[in-house]
Amino acid sequence: MHNKSVAELSRELESGKMSSVELTQQFLDRLKSEDGKYNSFITVSDEQALAEARAADEMRAAGKATVWTGVPFAHKDIFCTSGVRTSCGSKMLDNFVPPYDATVTAKFKQAGAVCLGKTNMDEFAMGSSNESSFYGPVTNPWGLANGDKRVPGGSSGGSAAAVAARLVPAATGTDTGGSIRQPAALCGITGLKPTYGRVSRYGMIAFASSLDQGGPMARTAEDAALMLNVMAGHDPKDSTCIDRDVPDYTATLNEPLKGLKIGLPKEYFSDQLSPAMEEQVRNAIREYEKLGATVKEVSLPNAKLAIAAYYVIAPAEASANLSRFDGARYGYRCEQPKDLMDMYTRTRAEGFGNEVKRRILVGTYALSAGYFDAYYLKAQKVRRLIQQDFINAFKEVDILMSPVTPSPAFIQGEKTTDPVSMYLEDVFTIAINLAGIPAMSVPAGFVDGLPVGLQMIGDYFSEARLLNAAHQFQQVTDWHQREPK
Amino acid sequence: MSISRADIEKVAVLARIKVDSEQVSALEKDLGNILDLVDQLSAADTDSVEPMAHPLDAVQKLRPDVVSETSQREAFQAIAPATEDGLYLVPRVIE
């Protein structure tokens with residue numbers, strides 16, 4: 001059962017062969033016996049899951065079932081879940097049980113889906129290896145058979161590892177600079193970062209508000225489409241969420257790709273990319289040519305500035321967002337504060353981990369008097385240049401394709417001592433967040449037994465086209481079905 | 001671009017994060033490296049470029065000014081570190 005997709009599990013439940021309670025119990029049992037190897041969950045919410053499963057079975061009996069009714073999945077521990085601890089991977093929120101649901105959480109509940117628990121992540125979504133979590137690192141299921149403990153990527157590393165290890169068929173993620181696509185690539189699953197504003201951010205703990213976007217992580221493009229059908233849509237509670245119709249993302253999955261124009265940004269096939277990775281990515285692109293697509297080279301001349309712009313904008317916004325963690329109203333508070341300033345400064349020193357503190361300090365510096373123009377304003381201008389590159393490229397082609405990462409999953413601990421080397425992990429993903437356009441990671445081969453992701457980048461609101469292109473690729477390849485030993 | 005110990009100490013106060021002198025040394029190196037990375041921006045010609053705040057240049061939507069939420073003080077205060085008579089308790093601010 002654990003190898004089945006969301007679409008397949010949905011059909012099993014529909015046929016009446018098993019109840020959601022039985023299915024949920026099977027997944028919970030497997031999760032408990034297997035996750036010791038990966039540490040992909042922070043919280044398993046058995047009681048709530050079984051209650052949701054019972055409600056789902058009743059919903060079905062009443063003839064009100066949706067595709068998702070009774071199907072198990074998991075939330076990244078950044079989405080607030082009423083009554084279930086939401087830690088964001090931080091000591092700061094270790095005791096935080098939200099009194100409300102994120103909009104994404106509420107939408108899955110409404111569809112009757114069964115949430116098994118909350119997945120591990122880099123603290124406050126800051127990281128590319130899931131090593132900054134207060135709850136310990138996540139281990140990538142790939143490579144374990146050789147005795148290697150590799151990172152799953154981050155920050156949605158727990159969701160990616162759990163889906164790859166078949167602990168859940170699907171999980172939510174969030175992507176601020178690559179945090180859905182990079183772990184999806186390193187764990188060999190399918191992930192989509194939607195257009196900025198496509199999915200509500202209400203109740204999704206904020207990191208960098210002009211970049212953060214929630215999205216689906218699953219094994220197939222079809223399942224990602226089923227997830228996005230639930231997640232997308234306007235929300236009056238998020239003023240940046242776009243009011244625009246949501247198509248049925250599964251309706252166009254089978255459109256033929258004949259005539260699809262693919263652009264290859266030459267800056268993303270640079271010497272940063274390992275030759276073995278490049279070979280896999282180019283092989284995948286040849287599959288698209290066989291499906292009737294045409295390929296041409298394009299240029300994103302300002303893409304090289306993306307990491308620099310990101311490491312001003314993201315920390316600046318984070319420093320403002322994370323100022324709410326003050327020890328006064330919820331979350332961690334230091335012991336015996338002697339005055340208000342002592343309470344603030346010790347609560348934050350003790351509650352935040354090193355990477356989070358580094359970013360708050362960089363952001364505070366960039367926003368401080370005398371530096372605002374040179375850093376934040378300059379970065380916002382460069383951001384527009386980067387966006388303009390993409391707009392120009394989409395005048396010529398329909399989809400851009402590139403690698404997701406320069407190399408496959410690395411060994412735990414390899415990059416933790418040098419923050420900048422970790423930041424470079426996102427060299428091919430960050431510009432997409434700055435521009436606010438959608439992009440996917442699709443399994444596209446292996447190097448030394450480790451998964452390689454193909455990145456597909458689309459114009460604003462082209463999620464349906466990306467999912468269609470990914471689905472067609474998955475009809476002629478089986479990379480997405482490979483299972484870690 | 002480097003950052004001085006004094007800058008780090010000042011920024012730490014602004015950010016309300018206590019740092020000890022040992023941490024300042026580590027931060028001097030890490031933050032210096034991050035600022036070196038960020039310094040690539042200065043090479044970009046952005047003279048006639050408008051800063052970008054929202055990818056779709058969306059403007060803030062306003063809702064009617066009517067009461068839409070109910071009071072949930074008890075639920076919110078149930079997760080607070082310290083409360084009394086419906087108020088949040090913090091160390092004394094005014095002597």
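1. Two residues are taken to be in contact if their C-beta atoms, placed from the backbone, lie within 7 Å. By that criterion the contact takes 57 residues from chain A and 41 residues from chain B. This is a predicted model, in which local features need pLDDT of at least 70, side-chain atom pairs count only at pLDDT 80 or more, and totals for chains, interfaces and linings use all residues. Residues are numbered from 1 along each chain as its sequence is written, and chains are lettered from A in the order in which they are written.

2. On the side of chain B that touches chain A, two or more residues each come from helix H1 (5-14), helix H2 (21-38) and helix H3 (73-77) of chain B, where helices (H or I, at least four residues) and strands (E, at least two) are DSSP runs, numbered from the N terminus. H2(B) gives the most, with 7 residues.

3. For chain A, UniProt, in an unreviewed entry, places the feature "domain: Amidase" at residues 22-467; such annotations may be inferred rather than shown by experiment, and positions follow the numbering used here, with feature names shortened. Over residues 22-467 the chain is 36% helix and 14% strand, with the end C-alpha atoms 31 Å apart.

4. Helix H7 (residues 221-231) of chain A is largely enclosed by the rest of the structure, because 11 of its 11 residues are buried (20 or more other C-beta atoms within 10 Å of the residue's own, C-beta atoms being placed from the backbone). The cover over H7(A) includes helix H4 (103-111), strand E5 (190-193) and helix H15 (463-476) of chain A. After H7(A) comes Gly233(A), with a positive phi near 135 degrees.

Definitions and conventions
A residue is buried if 20 or more other C-beta atoms lie within 10 Å of its own, exposed if 12 or fewer, and partly exposed in between; C-beta atoms are placed from the backbone.
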